[in-house]
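Good morning, everyone. Please keep the structure in view while I talk.

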Amino acid sequence: MINSILRLTGLSLLSLLSTGVLYSQKITTAGAPAQLTIRQAGEHSIRVTLKPLSDPDELPYSPGLVERKYAAPAITLTQITAPVKKQVGSLQVEVSPSPLTVKISTLSGAPVQQLVFNEDNTMTFALRDAPVLGMGEGGHKQPPRTNWRNEPIEFDRRGRLQDMQPRWQSDAYGSRNPVALMIGTDGWALFVATPWGQVDMQAADHGTYIPWKPTEKDTAQQTERNQQQVMAKGVPPAKTVVPGVYDVIVFDAHQPAAFMKDLSVLSGPTVIPPKWALGYMQSHRTIKDDAYIMGIVDSFRIKKIPVDAVIYLGTGFTPQGWNTKQPSFDFNPAVFKHDPASVLADFHARHVKVVMHMVPWDRDKLPSLHGTIPAAAGEVVDAGHIQNYWQQHVALMKTGVDAFWPDEGDWFNLYERVTRHKLYYEGPLSTFPNVRPWSLHRNGYLGIARYGGWVWSGDTESAWKTLEGQVAVGINHSLSIGPYWGSDIGGFYPSWEKTGELFARWFQFGAFCGSFRTHGRTTNTILPWGWGGNDRGDLETGRSNNDSDSYRRNVPQSAMNDPRIEPVIKKYDELRYQLMPYTYTLAWEARATGLPLMRALWLHYPGDATARGMGSEYLWGRDLLIAPVFEKGATNRDVYLPKGQWYDWWDSGSVSGGSSPITGGTTVHRSVDLTTMPIYVRAGSIIPFDPIRQYTAEPVSEPTTLRVYPGADGSFTLYEDDGISQDYLKGKASWIRMSWNDKTRTLSLSNGAPAGSASLPVHRSFTVKLMTGGSGKTIKYDGAPVSVKF
């Protein structure tokens, strides 16, 4: 019969096999008959789904992915004998049997990845000689009695079994928020949306994905009381696990920017935060009364140290916080001697936003977290629905609270953790529909960016090794969770290592993180001016898990009375505000392109083997290279500069200018004192630089300076909107494209609105300064193309 068909059609047996018409070997997963589908996911990615035939869902649900319409499968197989080859989107795919293998390459033949689905339900993937980055926030957990201060920092995720266990952690890494997004810096990335599991990358040539098999202990909800136990917290609900299901997004990451754009599209583009959230935030623990906290804000304004927000901890997490004992939505009468609404109005009159620490109810009052705001058709609006829970927050917002810091909640499962981000985005919008929400969370996952998700690294130790570790943590978070991340500047738990020097170095680093916020124990040592006095403030003890002599630590008295610190803090705080036009544009770029603010060098230098493994420095946007100093008493900092020409920010930042470029592709030995954190600028950069503001919305009369770094052609699109409303979603913004022609020494300005957008009217005056020397020139822009020549 088959031979007759072959004679009639003129097809060979080989051609039938290769086109998928004739199969005989059944595909199975977890011992059950299965179906393999492969479809285009994004412009440079495919979605590989293996599932039992008994599973009715076309595609598994993942909170990390936006629910959207996907293309029909290009390949659908339930049985296979010989290899099947087909182009899927922009990639070439070959499926072969025994074992079931999916090989992905570019159309030009460059290898991307190879997935092997094994009989034991594990999946192996190829590793080559290049770092693997991403995989969420945090690092591995050290074995007991290990001195973590002496251990190397994990940036490259290879070489160990990644247990992917969500957990509270201190030491150098802080909280662990794992995401099974492995980014191979040799041109591939994998997001295992389903199942949850461990990732073993101890072998040199391959990694193994080991699915999570829920046990009886994983079926029960965790609560506030048992949150320290490793059960169901932070992982998908056990009832959603279907044995044998794999849902994997495979990305071509040879062009990192294309990969980040695909990731943004699939997980949901980030929303742009309110501009004030990119300013400096001063956090507080114990609060004496409302006069005390108002006096601190007044000190900022008197000392002219910029600040945009203050954050207040809740009672129970500190002896006396903003509210009655957490969880609570009631103002603490021992703190608020006056009407809370009038106190918050006084803060606003000083141009300071107010953020309140929030802790969720335990399961008795908040049995789950689910739903949307407003509730969608068919949703059960019960005690766990976020629309009902949000109503408890409304009175606070109407009293004048601007934003929230949702802490704790470690007991929530993965779905609930992501829903909590949704709660603090959709909730505020339901109360004030045209005011951008903001919230800061301990826990996160891929996809939270679409809800404005900001994450901080949790309760870290005040230690030099922690500062070093936070650089790598921030880079990996930014690649695999979202663009807005930060740490407690200075570290949360005080120790004998916490001095003014450590605080200043951490503050310098914090000025180039999405979340620029100081927080920690020992009251006065988290204030910019606190180190200049003798009083350490409230002496809350520190904690160090691995020190055999004692768990209790604090800031040494000998570290006080250090007048050097306040001027350093003020210098970098001012620099943050002066660079706000650049940084706010990065926020738009994060939405438009998926590129984070804090960028691994690999994102812009994928062919540089040294750059792609560099976890101790990073790019702030495309043009600024940041090299935090994390060694006590450092007088030098080795900085690797990728290929190209670079300028030393501090040399070129002098009043007269006149800096010479440095040739990259090498390590430079930069001398440093306490006032200096190395910053380098790429040749061809155009950096908008503002006058100093005391808060992001402060009007100023002086023009923005466009600092041009010659030596290469370059461009920059300056983005601006009103900084507070949702109107940017309607295209109400302005884009000014700035182009530098190095040969003709000409800077040109023109309308840079994206296709389909119309830039709002702009009338601006800029001072243009060539950073190799010479006086500046003035250029006026009103929407029509204009140029200035040097």
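How do the residues of the lining of the second largest pocket divide into nonpolar, polar and charged? There are 14 nonpolar, 8 polar and 10 charged. Here Ala, Val, Leu, Ile, Met, Phe, Trp, Tyr, Cys and Pro count as nonpolar, Asp, Glu, Lys and Arg as charged, and the others, Gly among them, as polar.

Some ground rules. This is a predicted model, where local features need pLDDT of at least 70, side-chain atom pairs count only at pLDDT 80 or more, and totals for chains, interfaces and linings use all residues. Residues are numbered from 1 along each chain as its sequence is written, and side-chain values use heavy atoms, with hydrogens and water left out.

Now the terms. Rolling a probe the size of a water molecule over the atoms shows where empty space is left. We work on a 1 Å grid over the protein atoms alone. A cavity is a set of points where a 1.4 Å probe fits but cannot get out. A pocket is an open set with protein on both sides within 12 Å along at least five of seven lines. Lining residues have an atom within 4 Å of a point. Points are joined across faces, edges and corners, and a volume is the space filled by probe spheres set on them.

Back to the second largest pocket. Its space is about 580 Å³. It is lined by 32 residues, and K275, R693, T696, A697 and E698 are the closest to its centre. Three elements each supply at least two lining residues: α11 (580-593), β35 (714-720) and β38 (764-770). α11 gives the most, with 3 residues. Such helices (H or I, at least four residues) and strands (E, at least two) are DSSP runs, numbered from the N terminus.

Next, the largest pocket. It holds about 700 Å³ of space. Among its 29 lining residues, L369, H370, Y415, E416 and T419 are the closest to the centre. That lining has 14 nonpolar, 8 polar and 7 charged residues.

What about the cavities? The structure holds 6 of 30 Å³ or more. The largest cavity has a volume of about 160 Å³. Its lining has 18 residues, with S264, A449, G482, P483 and G594 nearest the centre. α3 gives the most, with 4 residues. By class, this lining has 9 nonpolar, 9 polar and no charged residues.
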